[in-house]
Amino acid sequence: MPLYLTRFSYTPETWARMIAHPEDRRVAGREYIETVGGQLHGFWYAFGAHDAYALWEAPDNVSMAAVALAITGGGALSSFETTVLLSVEETMDALRRAGQVAYRPPGA
């Protein structure tokens, strides 16, 4: 199954609610991804451009998109970005296949 890395940030209102009522959001994240047959591999809070990071596994892009849409539709986040991760083996396969692509630069 594909792996996905999500970076997200909460709104100030969400942080205020979590300060008033602390909650381990890994539990919710695990429930969301399991709904589509996936798995949560990790959940971290961080300093910097994003408040938190999650590493997920999902059956396919559509399943991950469904989870992302449900989460972002809830309004608790100010940002949500997901990157599909490729294994080294998948990247090696892509490198081999890239040699078969007849790329032509613009204007050439």
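Analyst: Happy to! Contact here means heavy atoms within 4.5 Å. Axes are lines fitted to C-alpha atoms, for helices over the stretch in contact, and angles run from 0 to 180 degrees between N-to-C directions. Helices (H or I, at least four residues) and strands (E, at least two) are DSSP runs, numbered from the N terminus. With that in hand, helix α3 (residues 61–72) lies across β1, β3 and β4, and runs at about 170° to β4. Helix α2 (residues 25–35) lies across β1 (3–10), β2 and β3, at about 150° to β2.

The model is predicted: local features need pLDDT of at least 70, side-chain atom pairs count only at pLDDT 80 or more, and totals for chains, interfaces and linings use all residues. Residues are numbered from 1 along each chain as its sequence is written, and side-chain values use heavy atoms, with hydrogens and water left out.

User: What makes β2 and β3 a pair?

Analyst: Two strands pair if DSSP finds at least two bridges between them. β2 and strand β3 (residues 52–57) have six bridges, in the antiparallel sense, and Gly42 stands opposite Leu55 in β3.

User: Which strands are called edge strands?

Analyst: The open sheet has four strands in the order β2-β3-β1-β4, with antiparallel pairing. β2 (39–45) and β4 (77–85) are the edge strands, as each pairs on one side only.

User: Why is the link between Asp24 and Arg26 called a salt bridge?

Analyst: The term asks for a side-chain nitrogen of Lys or Arg within 4 Å of a carboxyl oxygen of Asp or Glu. In Asp24 and Arg26 the closest N and O atoms are 2.6 Å apart, so the pair qualifies. Glu23 and Arg25 also form a salt bridge, at 2.8 Å. By this rule the count comes to four salt bridges.

User: How far apart are Asp93 and Arg97 in helix α4?

Analyst: They are four residues apart in helix α4 (residues 88–98), which means about one helical turn between them.

User: Why is Arg97 called exposed, but Asp93 partly exposed?

Analyst: Buried means under 20% relative accessible area, exposed over 50%, and partly exposed in between (1.4 Å probe, protein chains only). Arg97 has 53% relative accessibility, so Arg97 counts as exposed. Asp93 has a relative accessible area of 31%, so Asp93 is partly exposed.
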